[in-house]
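Subject: Structure for your review

Dear colleague,

I am handing over the structure we spoke about, and below it you will find what turned up when I went through it. Please read the notes with the model open beside them.

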Amino acid sequence: MSKVRMLLAQTLEPDDAERSVREILAQLDLGKNQRRYSVGLVHCNQAFVESGALKAVCDRLPFPVLGYNTLLHSTSLGLVDSMLMTAAVLTSDTVKFATGLSAPMGSDMRGPAASMYVETENLLRARPALGLVFAPNLEGVASGEIMTEALDEISDGVPFFGGQPADFTTCMRDPRVIYNGEAYPDRAGIVLVEGDLKPRFHVFPVEAHRRIRQMAIVTESDANVVKQVNGMPVLEFMEQLGLCFEGQLAGTQTIPLFIDRADGAPPTVRAVQSQTPEGWLVLCGNAPVDSTLGIGAIDQEHIINGIKRVTFLTRVSSPDVFLLYSCLSRNIVLGFNYTAEAEALREELDGRVPYVFAYTSGEICPLPSKDGRWRNEFHNMSLITVTF
């Protein structure tokens with residue numbers, strides 16, 4: 001018998017809360033399938049939050065439920081749709097789950113993140129094998145990177161997998177972290193998993209060879225706000241590359257920026273979060289002065305090839321739990337073919353393993369360090385996976 005079983009249920013009924021409840025409960029069949037310890041993971045369109053259907057479903061589930069809203073997600077049940085809610089239940093007789101919700105967060109996220117972790121870890125008897133984290137998407141702040149660093153420090157390197165909400169239309173709309181049916185714009189949630197598990201993590205980033213411009217030097221910045229590059233205003237630099245139109249950076253969500261901090265680690269990819277009235281670029285992660293910056297590109301071929309590499313892993317092992325988070329920038333690149341990544345995953349796996357695939361606005365996944373331990377990292381424009 002598997003240590004952890006993942007139950008899945010979906011509904012397309014945001015406007016009928018009772019029907020959503022009936023469909024989710026019927027598919028989960030908890031009376032038959034639930035084991036001693038359980039936790040729920042939910043992903044949904046914002047319509048389920050606004051209608052009350054999300055709250056109705058979570059109120060009927062006899063365990064904690066965490067997740068976030070997103071523009072598109074899918075599972076091994078087969079549905080690929082923007083107007084969707086999925087409940088995934090992790091249930092086990094031997095693996096325990098503890099959940100926590102942070103206090104409201106502002107620009108100083110580290111204190112609430114640390115308190116959330118400590119309070120949740122105190123509910124367990126042993127060091128967690130891994131954690132799942134749902135981080136808020138705070139405007140103007142490198143919230144995903146700050147959250148990842150804070151959790152890595154306070155946990156002494158417990159590996160974390162997760163992401164940020166991605167309620168996106170033509171721009172980021174109303175990203176919410178979900179905890180027990182409530183949807184929060186400024187709080188984080190975590191699940192700590194205790195038990196004899198050996199999780200496997202993989203990150204599929206924009207490869208360095210896809211850089212299309214020579215690296216430049218960041219000469220003025222404030223945390224994640226880049227003001228000057230090569231001694232000139234950053235927009236002037238971007239205009240020289242043909243990436244600005246009438247003072248506005250074009251395609252802000254789809255331009256990978258490679259940031260090399262000269263700390264011995266590989267360059268990290270960062271997306272542009274927004275542009276300030278002064279013409280500065282707000283990134284999803286910090287870009288210190290004297291770090292180098294390069295421009296890259298992604299296309300549909302790169303995205304689909306990533307899915308093929310991911311699905312090859314399942315032929316080596318047949319995981320009981322398979323979670324995949326993909327950056328919403330990858331979805332934007334797909335254009336009118338916006339379901340292509342999710343459909344490619346469905347076709348490649350063909351029902352072999354249960355999975356949840358969801359778009360996120362920032363990816364949290366560890367990388368192996370030189371000492372053999374996991375090092376938690378924040379990513380952009382990447383596909384991340386965990387199996388156990």
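A polar contact here is a pair of N or O atoms within 3.5 Å, and within protein one of the two must be able to donate a hydrogen and the other to accept it. Please keep in mind throughout that this is a predicted model.

A polar atom of the H73 side chain lies 3.4 Å from the backbone oxygen of H43, which falls within the 3.5 Å cut-off. The H73 side chain also meets the side chain of T86 in a polar contact of 2.8 Å. H73 belongs to strand β4, which covers residues 73–75, and it counts as buried because its relative accessibility is 1%, where buried means under 20%. Setting aside residues within four places in sequence, the contacts of H73 include H43, C44, L79, V80, T86, F357 and A358.

L79, one of those contacts of H73, also takes part in a nonpolar patch on the surface, which it forms with L12 and M83 and which has about 220 Å² of accessible area together. L12 sits in the loop that runs between β1 (5–11) and α1 (17–28), and, since its relative accessibility is 37%, L12 counts as partly exposed.

Turning to K55, this residue lies in helix α4, residues 53–60, and its relative accessibility of 29% is why K55 counts as partly exposed. Beyond residues up to four places away in sequence, K55 touches N180, G181 and E182. K55 and G351, by comparison, are 296 residues apart in sequence, and their C-alpha atoms are 30 Å apart in space.

C284 is in no disulfide, and the nearest cysteine sulfur to it, that of C327, is 7.5 Å away, whereas a disulfide would require the two sulfur atoms to be within 2.5 Å. C284 counts as buried because its relative accessibility is 13%. C365 is likewise in no disulfide, its nearest cysteine sulfur being that of C327 at 14 Å, and C365 is buried, with a relative accessible area of 0%.

Conventions
Residues are numbered from 1 along each chain as its sequence is written. This is a predicted model: local features need pLDDT of at least 70, side-chain atom pairs count only at pLDDT 80 or more; totals for chains, interfaces and linings use all residues. Side-chain values use heavy atoms; hydrogens and water are left out. Patches are made of residues with over 30% relative accessible area and no salt bridge: like charges are joined within 9 Å, nonpolar side chains (Val, Leu, Ile, Met, Phe, Trp, Tyr) within 5 Å. Accessible areas come from the Shrake-Rupley method with a 1.4 Å probe; for residues, only the protein chains shown count as cover. A salt bridge is a side-chain nitrogen of Lys or Arg within 4 Å of a carboxyl oxygen of Asp or Glu. Helices (H or I, at least four residues) and strands (E, at least two) are DSSP runs, numbered from the N terminus. Buried means under 20% relative accessible area, exposed over 50%, partly exposed in between (1.4 Å probe, protein chains only). Contact means heavy atoms within 4.5 Å.
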